[in-house]
Amino acid sequence: MEESLLSAVHWLLGLLALPSVGLPAIFVVSLVSATLLPLGSEPAVFGYLKLSPDMFWPAILVATAGNTVGGAISYAMGLGAEKAVERWKEHHPHASAERRMRGRWHHRAHDWIHRMGPPALLLSWLPAVGDPLCAVAGWLRLPFWPCVAYMAIGKFLRYLVMTAGLLWLFPGQV
């Protein structure tokens, strides 16, 4: 049993090996890293570009696309969660007696994102803050397509700066 699990893990790692799969692997890693799962896609993009330096712009664009799709999934999860809570409140009116968080930070964050609107998602690239920010935008029912556009801009700039910076700091070929 343990040996079959080990061979399955090796098979999966071989399937996602960057030199043989390339840009599709970058897309998948970038998409998964934009959800609430703790995974960073920058090392995968950097590693791929060390192996294929001529693929800089395609890798940046594919990583941006995957990360933006992942952000849109987080937005949809936030929207779905908000709708589920509203349905639950309709069926349990006695339980919805203002059990919401009413802390100062909660109100300030809520007011800030409503005041900023979709441009707040320019910050969706930030570690630990960006992914939940996409979900909160869905929860607050901010307009979807403007949110996706701002997510894409922020994520593109992150990949551009991070990858170019890493390539500049570590210029040697593999």
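Which residues do ring pairs link into a cluster? Phe56, Trp57 and Phe156 are joined in this way. Rings of Phe, Tyr and Trp (its six-membered ring) are taken as a pair if their centres lie within 6.5 Å; planes under 30 degrees apart count as stacked, over 60 as edge-to-face and the rest as tilted.

The model is predicted: local features need pLDDT of at least 70, side-chain atom pairs count only at pLDDT 80 or more, and totals for chains, interfaces and linings use all residues. Residues are numbered from 1 along each chain as its sequence is written, and side-chain values use heavy atoms, with hydrogens and water left out.

**Overall make-up**

The protein has eight helices and zero strands, and its elements run α-α-α-α-α-α-α-α from the N terminus on. Helices (H or I, at least four residues) and strands (E, at least two) are DSSP runs, numbered from the N terminus. Of the 174 residues, 32% are buried. Here buried means under 20% relative accessible area, exposed means over 50%, and partly exposed lies in between (1.4 Å probe, protein chains only). Among contacts (heavy atoms within 4.5 Å) between residues at least 6 apart in sequence, 76% join residues at least 24 apart.

Helix α4 spans residues 42-51, and seven of its 10 residues are buried, so the helix is largely enclosed by the rest of the structure. The buried residues of α4 are Glu42, Ala44, Val45, Phe46, Tyr48, Leu49 and Lys50. Valine 45 and methionine 162 are 117 residues apart in sequence, with their C-alpha atoms 9.8 Å apart in space. Methionine 162 belongs to helix α8 (residues 144-169) and is partly exposed, at a relative accessible area of 38%.

**Aromatic pairs**

A pair of aromatic rings is described by the distance of the centres and the angle of the planes. The protein has five aromatic pairs by the rule above. In one of them, the rings of phenylalanine 46 and phenylalanine 170 have centres 6.1 Å apart and planes at 65 degrees, so the pair is edge-to-face. Phenylalanine 46 lies in helix α4 and phenylalanine 170 in the segment after α8, so this pair ties together parts that are 124 residues apart in sequence. Phenylalanine 144 and tryptophan 145 also form an edge-to-face pair, 4.8 Å centre to centre with 75 degrees between the planes.

| Residue | Relative accessible area | Class |
|---|---|---|
| Phenylalanine 46 | 18% | buried |
| Phenylalanine 170 | 46% | partly exposed |
| Phenylalanine 144 | 30% | partly exposed |
| Tryptophan 145 | 63% | exposed |

**Helix α7 and the loop to α8**

Seven of the 10 residues of α7 are buried, so α7 is largely enclosed by the rest of the structure. They are Gly130, Asp131, Leu133, Cys134, Ala135, Ala137 and Gly138. The loop between α7 (130-139) and α8 contains arginine 141. Most residues other than glycine have a negative phi. In arginine 141, phi is positive, near 60 degrees. Arginine 141 is partly exposed, at 47% relative accessibility.

Proline 143 lies in the loop between α7 and α8 as well, and is partly exposed at 43%. Leaving aside neighbours within four places in sequence, proline 143 is in contact with Tyr75 and Pro118. The C-alpha atoms of proline 143 and glycine 117 are separated by 8.4 Å, and the two residues are 26 apart along the chain.
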